[in-house]
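Please have the sequence and the 3D view at hand, and turn the view as you read.

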Amino acid sequence: MKTKAMLLVICTAVFCTFAGCEHKNKPYKPSYSNAKVQMQNGESYEEALKECFNATYSLGGGEVFYEYMYPDEAINAMKESGDYDKLITQFNIGQESQFGENSDKLTFDKITDSHDINETQITAVKSYLKNMCAPFVEEITEDQFDVKEGYEVNYSYLNNGEKAGTDTVLVIKLNDEGWKVITG
């Protein structure tokens with residue numbers, strides 16, 4: 001009798017496993033994917049950098065990441081082609097698998113050094129932005145990018161509240177788009 005009961009429990013478990021709800025082919029949209037850019041058009045490059053960093057290293061920050069990393073012309077072309085939502089979803093899924101499975105929490109700490117970028121860096125920034133746009137925008141030139149101000153910024157970050165490292169980025173105010181962050 002015990003063998004039959006055990007067999008019945010096993011069969012029930014196997015049946016329930018295979019008879020579960022069918023997965024619908026809806027696009028993956030995590031509930032936390034509503035992070036929006038708040039500081040990009042602000043006066044403070046420090047706050048923009050902090051927002052970009054924290055979005056990059058947290059769940060659901062894909063849209064904020066792309067808004068800071070790509071010129072508007074590239075983002076608009078991605079949206080027109082239907083690639084934008086897919087890219088954000090892929091980014092968010094990657095963050096979920098990277099940060100959702102461990103307890104590490106990377107956060108922005110403070111700016112340790114900052115200075116204006118020079119003409120050589122501005123030329124390099126324009127070339128970089130043109131290359132970022134190239135896969136999405138057919139005809140774009142470096143002259144279309146007006147770097148209104150820019151800073152080379154050294155900053156530190158934390159992992160679970162403890163010092164974890166430092167990094168250097170360029171933070172630029174581009175055209176009328178607000179701040180963009182260029183990582184290297």
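Let us begin with a pair of helices. Helix α2 (residues 45-56) packs against helix α3 (residues 62-69) at an angle of about 135°, and their axes are 8 Å apart. Axes here are lines fitted to C-alpha atoms, for helices over the stretch in contact, and angles run from 0 to 180 degrees between N-to-C directions. Helices (H or I, at least four residues) and strands (E, at least two) are DSSP runs, numbered from the N terminus. The two helices α2 and α3 are therefore oblique to each other. As for the wording, angles under 35 degrees count as roughly parallel, over 145 as roughly antiparallel, 65 to 115 as roughly perpendicular and the rest as oblique.

Which residues of the two helices meet? On the α2 side they are A48, E51, C52, A55 and T56, and on the α3 side V64, F65, Y68 and M69. Contact means heavy atoms within 4.5 Å. Sorted by class, this contact of α2 with α3 has seven nonpolar residues, one polar and one charged. In this scheme Ala, Val, Leu, Ile, Met, Phe, Trp, Tyr, Cys and Pro count as nonpolar, Asp, Glu, Lys and Arg as charged, and the others, Gly among them, as polar.

A word on the model itself: it is predicted, so local features need pLDDT of at least 70 and side-chain atom pairs count only at pLDDT 80 or more, while totals for chains, interfaces and linings use all residues. Residues are numbered from 1 along each chain as its sequence is written, and side-chain values use heavy atoms, with hydrogens and water left out.

Now step back to the whole protein. There are six helices and four strands, and from the N terminus on the elements run α-α-α-α-α-β-α-β-β-β. Of the 184 residues, 36% count as buried; buried means under 20% relative accessible area, exposed over 50%, and partly exposed in between (1.4 Å probe, protein chains only).

The four strands form an open sheet in the order β1-β2-β3-β4, with antiparallel pairing. β1 (106-116) and β4 stand at the edges with a single partner strand each, so one side of each has no neighbour in the sheet. From one strand to the next, the twist averages 35°. Two strands pair if DSSP finds at least two bridges between them.

Look closely at the end of the sheet, where strand β3 (residues 162-174) and β4 pair in the antiparallel sense over five bridges. L170 stands opposite I182 in β4, and K180 in β4 is the bridge partner of I172. Is strand β4 (residues 178-182) enclosed or open? Five of its five residues are buried, so β4 is largely enclosed by the rest of the structure.

β3 and β4 form a hairpin with three residues between them. Most residues other than glycine have a negative phi. Two loop residues listed here have a positive phi instead:

| Residue | Loop | Phi |
|---|---|---|
| N175 | between β3 and β4 | about 45° |

N160 also counts as partly exposed, at 42% relative accessibility.

One more loop deserves a visit. T141 lies between α6 (119-133) and β2 (147-159), and counts as partly exposed at 39% relative accessibility. T141 and K126 are 15 residues apart in sequence, and their C-alpha atoms are 8.6 Å apart in space.
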